[in-house]
Amino acid sequence: MTDIPALVNARYGITNGSEDNAPHSFSDTKSHPALELLLQHKSVRQFLPQETLPAGTLELLVAAAQSAATSSNLQTWSVVATQDVKRKDEAARLCGDQDFIRAAPLFLVFCADLSRLTKASQQHQTPGVGLEFTEMFLMASVDASLAAQNVVVAAEALGLGACYVGAARNRPREVAELLHLPLRVIALFGLAIGVPDPAQPASVKPRLSQAEVLHRETWDDGAQARNLSAYDETLDDFNARQSRADAPKWTYRSAHRIATVESLHGRDILRDVLQERGFDLR
Ligand SMILES: Cc1cc2nc3c(=O)[nH]c(=O)nc-3n(C[C@H](O)[C@H](O)[C@H](O)COP(=O)(O)O)c2cc1C
């Protein structure tokens, strides 16, 4: 049986307790395989070289995706599965030239999809005005994200590894062209999936403390500065253990990730592209 408190502590990089850094305790001693899997998530970017996943894997992953809850059962997302070596290579180029996309046997691109409801509106001759509002783009983005996270969990349950690719929004026009996306469909993010290379295992990356993200009853930002500097230290320790002692502090890196238009890596044009692609965002 796996020790759930130990996994929770590892999620926060807690090795020994202190007043600010109290180890988690949990009295239930039953086995919880789903929790164990969730608590041990890590993004995998090192895959074994192989061209395909076992037969039926893609379909099983998509069934897991479609098992996620979906707003009003509208199912406003679709996914494009890329396995062709040339198309994956081009996708990798458009997505920040990240090599792990090429190495992964499967690259999924999750899309907000309002084209299906556009057809339903036409079928029933309703104006479909709701589709013109920001709400529907947000709904589609939320639903697609929930579906994708189910894929990550399912892939990990199968012993596979996965890494999201937000860089699928770096060149949104080209990605739409590569995948032949119709109007009212836009790529939100990618997901590279493959067999993790055991010679280069990923590690559980500690998160912000719960005190930072969990607000009980009402918002409380009293301890924010202390929480953030504690997290800078926690990630420094993690990076040192990953032989990346020179990595910048989390607050520094995060501040620079959002500092300028350039730091958005091309995504500053997204509102224009959304409008071109039929998302009115009223
Ligand atoms: C929507 C989204 C987009 C991401 N895009 C990228 C990406 O383009 N490249 C990359 O290497 N990792 C990407 N990641 C992975 C994050 O860097 C990773 O989840 C984070 O550092 C935490 O690490 P962990 O997943 O191993 O816990 C993305 C994650 C999410 C949720």
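**Reading the model**

A: In this predicted model the chain averages a pLDDT of 95, and 97% of the residues score at least 70; pLDDT is the predictor's confidence in each residue, from 0 to 100. Local features need pLDDT of at least 70 and side-chain atom pairs count only at pLDDT 80 or more, whereas totals for chains, interfaces and linings use all residues. Residues are numbered from 1 along each chain as its sequence is written, and side-chain values use heavy atoms, with hydrogens and water left out.

Q: How many residues surround the ligand, and which are the closest?

A: A residue is near a molecule if one of its heavy atoms lies within 4 Å of it. Here 13 residues surround the ligand, the closest being His 41, Ser 43, Arg 45, Gly 166 and Lys 205. By class, this shell has five nonpolar, four polar and four charged residues, with Gly counted as polar and Asp, Glu, Lys and Arg as charged.

Q: Which side chain has an N or O atom 2.6 Å from an oxygen atom of the ligand?

A: A polar contact is a pair of N or O atoms within 3.5 Å. The side chain of Ser 43 provides the atom at 2.6 Å from a ligand oxygen, while a polar side-chain atom of Arg 207 lies 2.8 Å from an oxygen atom of the ligand. The protein covers 68% of the 620 Å² of accessible area that the ligand has on its own, by the Shrake-Rupley method with a 1.4 Å probe.

Methods: A polar contact is a pair of N or O atoms within 3.5 Å; within protein, one must be able to donate a hydrogen and the other to accept it, and residues adjacent in sequence count only if both atoms are side-chain atoms.
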